Amino acid sequence: MAGNGKKVGEVMRTSLHIVDGLSSVRSAIREMERLKVSSLVIDRRHEGDEYGVLTMQDIAAHVIAENRSAERTSVYQVMTKPALTLSAEMNVRYAIRLLVRLGMTRALVTRNDALAGLVTLRDLVIGHDDGGEA
């Protein structure tokens, strides 16, 4: 069927790297380096809480540029929370439009209200199936 295209769940990354919000930014940087990733998911503190995301951009803007100590700054102080979430069933082209409109480069992905993965703008663009006009 022309125009249907791929769903976010088809292009998302399912290997999530989750850390506690009380972790230091220094330990988060080490974890990012070890895993060779540029973002980490920050765990919820309880069921009614929301997930956060910590990116290299967050660290650069809110720790390094502000001359804060990475050892004494907690992840929760600089993360983005609540993290943008997309449904795994959302069409990739609409997900691209939303991220571009919001000026964001990544989002968490949910399936049946549960955390299922993470998708970046890069993943979406590469995975986009141009089955018709967007």
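N67 is exposed (over 50% relative accessible area, whereas buried means under 20% and partly exposed in between, with a 1.4 Å probe and protein chains only), as its relative accessible area is 70%. The model is predicted, and local features need pLDDT of at least 70, side-chain atom pairs count only at pLDDT 80 or more, and totals for chains, interfaces and linings use all residues. Residues are numbered from 1 along each chain as its sequence is written, and side-chain values use heavy atoms, with hydrogens and water left out. Helices (H or I, at least four residues) and strands (E, at least two) are DSSP runs numbered from the N terminus.

**Backbone exceptions**

- Most residues other than glycine have a negative phi, and most peptide bonds are trans.
- N67, which is not a glycine, has a positive phi of about 55 degrees; N67 is placed in the loop between α3 (56-64) and α4.
- D113 is likewise a residue other than glycine with a positive phi, near 65 degrees.
- The loop between β5 and β6 holds D113, and this residue counts as exposed at 82% relative accessibility.
- The peptide bond from K81 to P82 is cis, with omega near 0 degrees, and P82 lies in the loop between α4 (75-78) and β4.

- Strands of a sheet pair through backbone hydrogen bonds, either parallel or antiparallel.
- Two strands count as paired if DSSP finds at least two bridges between them.
- Strand β2 (residues 39-42) pairs with β3 in the antiparallel sense over four bridges, and V41 stands opposite V53 in β3.

**Helix α5**

- The buried residues of α5 (residues 92-102) are V92, R93, A95, I96 and L99.
- These residues lie on the same side of α5 because they cover an arc of only 160 degrees around the axis, the arc being that of the directions from the helix axis to the C-beta atoms.
- The buried residues of α5 pack against α1 (8-11), β4 (85-87), β5 (106-111) and α6 (121-127).
- At the N-terminal end, N91 caps α5 through a side-chain oxygen that lies 2.9 Å from the backbone nitrogen of R93.
- Just after α5, G103 takes a positive phi of about 70 degrees.

- β4 and β5 pair in the parallel sense over three bridges, with T85 having L108 in β5 as its bridge partner.
- Together, β4, α5 and β5 make a right-handed β-α-β unit; right-handed means that, with the strands pointing away from the viewer, the path from the first strand over the helix to the second runs clockwise.
- β5 and strand β6 (residues 114-120) run antiparallel and are joined by six bridges, and A107 stands opposite V119 in β6.
- The hairpin of β5 and β6 has two residues between the strands, and N112 there takes a positive phi near 55 degrees.

Key. Contact = heavy atoms within 4.5 Å. Polar contact = N/O pair within 3.5 Å; in protein donor to acceptor, adjacent residues only side chain to side chain.
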